[in-house]
Amino acid sequence: MNAPPVSGLAAAASRRILRERGQREVFCGLTGIVWLHRKIQDAFFLVVGSRTCAHLLQSAAGVMIFAEPRFATAIIEEKDLAGLADVHDELDAVVARLLARRPDIRLLFLVGSCPSEVIKLDLAKAASRLDARLKSHGTRVLAYSGSGIETTFTQGEDACLAAIVPELPEAGGGRRLMVAASLPDIVEDQFARLFAELGIPVDFLPPRRAGALPAVGPETLVLLAQPFLGDTAAALESRGARVLEAPFPFGARGTEGWLAVAARAFGVPADRFEAAVAGPRARAERAVARHRALLAGRRICFLPDSQLEVPLARFLAEECGMIPVEVGTPYLHQRFHGPDLARLPADLLVSEGQDVERQLDRVRAARPDLTVCGLGLANPLEAEGLATKWSIELVFSPVHGFDQSGDLAELFARPLVRRAKLAALQPEALTGAAA
Ligand code: SF4
């Protein structure tokens with residue numbers, strides 16, 4: 001079993017971090033609905049926002065044309081913005097129409113946006129009013145904000161999970177592990193099997209169905225599976241749970257380190273741990289090795305976008321031999337990023353926040369082999385001859401755990417392969433679209 005990870009606060013304190021505050025290029029928290037609506041199968045996400053919000057959701061999740069979607073936008077019109085209409089009455093009418101059409105909805109999220117924040121629409125109050133009315137009919141109503149004001153796109157999931165925490169039942173009857181993060185079902189099933197082999201009782205937040213909320217209390221130990229869940233962690237701690245500090249479960253070593261923290265907390269003997277992880281760890285190492293030859297020695301920059309940057313840089317440096325040049329993250333949660341941060345090279349530039357023009361200047365000067373960034377920056381950088389990877393793809397795709405390690409490495413190898421093929425065909429084709 002690995003040695004205990006370095007304390008997050010100690011790791012962050014010993015490293016110079018460049019903090020920038022300027023123009024940012026990130027999506028808003030509404031984006032999280034794209035993966036959250038697939039996870040909680042009887043939930044519905046009603047965005048209270050503008051036509052822009054509706055367009056974002058339609059284009060980000062427009063694949064739902066053959067199914068009844070589980071998200072929609074209640075449009076705030078100009079008369080609402082001018083205070084000429086009672087938005088609460090209109091919202092109640094929209095919810096009534098929605099539930100008449102979709103009586104299967106068990107958990108309705110009212111999702112705030114920039115416009116609803118600008119007009120100071122109190123969605124928490126609206127949710128509690130509707131919840132009181134609809135609870136007896138079997139539908140719970142909660143609210144959270146997906147606004148893009150001062151937030152980044154993964155914070156939508158954090159806000160959603162944090163909104164669920166007060167609804168979790170009180171735990172009793174022994175210590176249990178809770179894994180927090182909206183993971184694809186296939187990844188969740190793999191982790192559930194591993195924890196069963198380790199003899200660790202485990203629940204997952206969010207659940208797949210609204211009626212299966214996991215219990216929480218002082219005997220709950222929490223493992224975050226995503227690094228952007230600071231508010232969720234704080235909410236769980238306010239219910240008495242203890243959040244464990246661990247590297248994030250990317251790649252063979254990250255997953256082993258993550259599992260080892262839980263195993264240590266639950267007193268799992270070292271030989272039982274080794275018996276459970278040896279096989280999948282070896283498979284993961286073999287899968288990553290297939291891409292290592294291409295990735296090793298390549299230089300990579302992360303622009304701040306998803307908050308996954310630090311643990312992914314750890315995976316790419318430690319397990320794939322890549323050389324991180326700059327790792328930018330929108331927000332460095334020192335406690336939770338620390339175990340991965342401690343395993344990154346000491347002289348690496350880590351930046352928090354964004355001043356996009358300055359950061360692009362640094363990328364242009366460094367000319368890395370690969371830049372991980374948001375959609376809006378990818379095409380301009382490709383046009384300048386820099387290979388890019390869309391950071392949002394790393395949140396949409398199953399990338400956690402031993403069995404996804406090879407796929408995760410391949411996500412970074414693919415743009416390099418594509419670029420090499422284009423270069424072989426015709427060098428001028430390198431001004432094409434992003435990966
Ligand atoms: S929430 Fe704000 S940033 Fe997001 S789509 Fe709506 S207006 Fe745009």
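Me: Is helix H14 enclosed or open, and how many of its residues are buried?
Reply: In this predicted model, 6 of the 8 residues of helix H14 (residues 334-341) are buried, so the helix is largely enclosed by the rest of the structure.

Me: Which ones are buried in H14?
Reply: Phe-336, His-337, Gly-338, Pro-339, Asp-340 and Leu-341.

Me: And across the whole chain, what share counts as buried?
Reply: 51% of the 435 residues.

Me: Buried or exposed?
Reply: Arg-51 counts as exposed, because it has 12 C-beta neighbours inside 10 Å, and the cut-off for exposed is 12 or fewer.

Me: Switching to H12 and H13. At what angle do they cross?
Reply: The axes of H12 (residues 270-295) and H13 (residues 309-320) cross at roughly 90° and come within 10 Å of each other. The two helices are therefore roughly perpendicular.

Me: Which residues make the contact?
Reply: On H12, Val-288, His-291, Arg-292 and Leu-295; on H13, Leu-316, Glu-319 and Cys-320.

Me: And by class?
Reply: The contact of H12 with H13 has 4 nonpolar, 2 charged and 1 polar residue.

Me: Back to the overall fold. How many helices and strands?
Reply: The chain has 18 helices and 14 strands.

Me: How compact is the chain for its length?
Reply: The radius of gyration is 22 Å, close to the 22 Å the globule rule gives for 435 residues, so the chain is as compact as a globular protein of that length.

Me: What box do the C-alpha atoms fill?
Reply: Roughly 60 × 55 × 40 Å, taken along the principal axes.

Me: Last one. What share of the contacts comes from residues 24 or more positions apart?
Reply: Such pairs account for 76% of the contacts in the chain with a separation of 6 or more.

Notes. Residues numbered from 1 in each chain as written. Predicted model: local features only at pLDDT ≥ 70, side-chain atom pairs only at ≥ 80, totals over all residues. Axes fitted to C-alpha atoms, helices over the stretch in contact; angles between N-to-C directions. Helix = DSSP H or I, 4+ residues; strand = E, 2+ residues; numbered from the N terminus. Parallel < 35°, antiparallel > 145°, perpendicular 65-115°, else oblique. Contact = placed C-beta atoms within 7 Å. Nonpolar A, V, L, I, M, F, W, Y, C, P; charged D, E, K, R; others polar. Rg over C-alpha atoms; globule rule 2.2 N^0.38 Å. Buried ≥ 20, exposed ≤ 12 C-beta atoms within 10 Å, placed from the backbone.
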